[in-house]
Amino acid sequence: MSGASGFVPQGPLGRAMHHFEETGIAVILGSMTLITFVNVVLRKAFNSGLLWGLEVVSILFAWLVLFGMSYAVKVTAHLGVDALINVLPKERKKPFALVAVTCCLAYALLLMKGAWDYFANFANLPTTTGRIIPTGFEDMRPQDFKGYKETDVVPFPEWARGPLENWLLLEGDPSFENLPVVFGYLIVPVGAALLLYRLIQATGQILRDERDSLIVSHEAEEAVAEARAELENK
Amino acid sequence: MDVFLLFGMVIAFLVVGVPIAISLGLSSILFLLMFSNSSLASIAQSLYNAMADHYTLLAIPFFILASSFMSTGGVAKRIVRFSIACVGHLRGGLAIAGVFACMIFAALSGSSPATVVAIGTIVIAAMREVGYTKEFAAGVICNAGTLGILIPPSIVMVVYASTVDVSVGRMFLAGVIPGLLAGVMLMIAIYVIATIKNMPKGEFQGWGEIWSSFREAFWGLMLIAIIMLGIYGTPWFVWDEDGFRLIWSKAFFTPTEAAAVASVYAFLVATFVYRDMGPLKADARAQSLSAAVVDADMPRPKSLFAAPWALVTALWHEDTRKTLFEAGKLTVTLMFIIANALILKHVLTDEQVPQNIASAMLDAGLGPITFLIVVNVILLIGGQFMEPSGLLVIVAPLVFPIAIELGIDPIHLGIIMVVNMEIGMITPPVGLNLFVTSGVAGMPMMAVVRAALPFLAVLFVFLILVTYVPAISIWLPTLLMGPEVIIR
């Protein structure tokens, strides 16, 4: 099947980024598991629990997926339907790949605008004007201060209270009780921007004939090749 | 009809090779921009909330993680050994053991291709050694591997349950009897074929081998017990004023929590009990050296007492990081699809598409049976091209409201959909499991298709049974969890 790329990062920066992305994904999933597990143990054995456990795990879950979606573009891990493009001869694949990546770019651009507007509303930043194509930023005067929505139960980190409140709050605002939701929402524009960046890279690779598709047809494609090699050695 | 435009876009994007997730997301966004006044910000919000607001979906990363820890080669080998000890002495025993091993492994992992890869690698090699043809071996594993999505815990079932808001626990229970039934039907078919063709049979190795292989596989099998008993509760003894009684204690965890506990358990077993990975793993260099010299002198994994610090270092050991990362990557690709499918679901709900189709069907006088046939056909075709979770999130929101209108049980519908996709995966010309098996066995597609056909017929009979006998699916959940409340 197509796709199954043994992705090898190039250059010191590429390798560092690759390591950072993989470790990031591992650490987020690891923390989600540990927090949920510890919460179960606390509830069952000690009749207590971490009140903020579920909310933090939910935020981490969103971070995992929105951070990882660009990585999956980079290593060609997104699932797709390759029944048609597989029967094409190699030289006919390129136009299809270009159409596909154009659709993906359109998605990423639309998502980027949506992501910024969504984030900006909770971060006291100006949203973009225009419904589909951003035409500029809305005016934000000091009296347009939108305030911060807080999470339900995630406590505010006390060690960072001083600088954070100085930065975010106006004179005379009540101080934060819980962590503002904007810290969780941050991943939406960041993830969308990374997705856009990886898709632009992928476009370049397709134009230079370094890759011929964006998809794999199932999650075990790499494992299949390994299994076959093992079976033939026996 | 607007809805044809919507699904036309989805299919067109899919065919040219746009990832499933982006095909769903882009079609829905374009549709919303054209026909409603939703803002792009609200779409970004639903993408974020797909993860942050859906507690049931949180079970998916944990189940994937547990099965990643359990998919290390060692566990599959132990399960195969136990299966051969149990049924290997029958006519066609190794093939039957292969099915049995796939059933057990399916209960540890939630994915069909993963089951084919893990069990297939071992069993196909073993079957050829004792004189089965490669074709027969591939046909057996290709079919049995599809049980991965039917026998709980199953990721596809979690996806179904959260897309249409039914209980994950019920779905899992509903999969138990159909899963066992499908396995047994396959085994009987193999036994009949093997007797006619006079295929090899192994020797009964005695109860000692069954016991010792069971002890070896025990830690892996315990995972199933933790998940199932954790979700449904266990028999328990109490001693109170009424005397000594046997009661059914209530559930320990939600399915999500059970999955998290299972991953931690699987990590502990893989690292500290089986020691197939992590700091206590046997030295790879020593392994290859000694394997070349004397087989009997295999290097032993290190003892925890020799390296007690491993208790801590295992947490950030390279193998742990790699397993966490692999599970994370799979979670990302599946959840990205599901998150985008939830946007599509919003579009469908807003446009009242399923309701319109349902009333059109009812007006045309179509009953539940015709409807189920239509669902069967759609899923059989779709299942050939697409990974099951992806297909399910597209089809489920569309057919579910219609099914409810027609009085079909939601749990029963879920099982029908899962079984359909199972069969889609091995239906020629392009079933996904056929590809995987031809890849693993190094055989041309058509050879695998021919090899799989007799068993495909068996699964077709099974599909008809499951579709028209609801009791197979809903008897067990109703028995254990009481009758279900259906909200229209």
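Student: What makes the meeting of the A:Asp117 and A:Lys113 side chains a salt bridge?
Tutor: A salt bridge is a side-chain nitrogen of Lys or Arg within 4 Å of a carboxyl oxygen of Asp or Glu. For A:Asp117 and A:Lys113 the N to O value is 2.9 Å, so the pair meets that definition. Before we go on, this is a predicted model, in which local features need pLDDT of at least 70, side-chain atom pairs count only at pLDDT 80 or more, and totals for chains, interfaces and linings use all residues. Residues are numbered from 1 along each chain as its sequence is written, chains are lettered from A and ligands numbered from 1 in the order in which they are written, and side-chain values use heavy atoms, with hydrogens and water left out.

Student: Where do A:Asp117 and A:Lys113 lie, and how many residues apart are they?
Tutor: Both are in helix H4 (residues 93–122) of chain A, four residues apart, about one turn of the helix. Helices here are DSSP runs (H or I, at least four residues), numbered from the N terminus. Both A:Asp117 and A:Lys113 are buried; that word means under 20% relative accessible area, with exposed over 50% and partly exposed in between (1.4 Å probe, protein chains only).

Student: How many salt bridges does a search of the whole structure find?
Tutor: Ten, over all chains. One of them pairs B:Glu257 with A:Arg43, with the closest N and O atoms 2.6 Å apart.

Student: How do you know that the pair of B:Glu257 and A:Arg43 joins two chains?
Tutor: B:Glu257 lies in helix H12 (residues 255–273) of chain B and A:Arg43 in helix H1 (residues 11–46) of chain A, so the bridge joins two chains.

Student: Why is B:Glu257 called buried, and why is A:Arg43 called partly exposed?
Tutor: B:Glu257 counts as buried because its relative accessibility is 11%. A:Arg43 has 35%, so it counts as partly exposed.

Student: Which residue does A:Arg208 meet in a salt bridge?
Tutor: The partner of A:Arg208 is A:Glu210, at 3.0 Å, N to O. Both of these residues are exposed. Elsewhere, salt bridges that share partners join A:Glu21, A:Lys74 and A:Arg198 into one network.

Student: Why is A:Thr33 called buried, and which residues is A:Thr33 in contact with?
Tutor: A:Thr33 is in helix H1 of chain A, and it is called buried because its relative accessible area is 5%. Contact means heavy atoms within 4.5 Å. Leaving aside neighbours within four places in sequence, A:Thr33 is in contact with B:Phe62, B:Leu65, B:Ala260, B:Ser263 and B:Val264.

Student: Why does B:Val18 count as buried?
Tutor: B:Val18 has 0% relative accessibility, so it counts as buried. This residue sits in the loop between H1 and helix H2 (20–35) of chain B. Its contacts, apart from neighbours within four places in sequence, include A:Ala100, A:Cys103 and B:Phe13.

Student: Which kind of peptide bond joins B:Pro152 and B:Pro153?
Tutor: A cis bond, with omega about -5°. B:Pro153 has its place in the loop between helix H8 (134–144) and helix H9 (155–164) of chain B.

Student: How do you know that the 26 Å reach of helix H17 (residues 368–385) of chain B is close to what is expected?
Tutor: The expected span is 1.5 Å times one less than the number of residues. H17(B) has 18 residues, and its reach of 26 Å from first C-alpha to last is close to the expected 26 Å. Its buried residues include B:Phe371, B:Leu372 and B:Val375.
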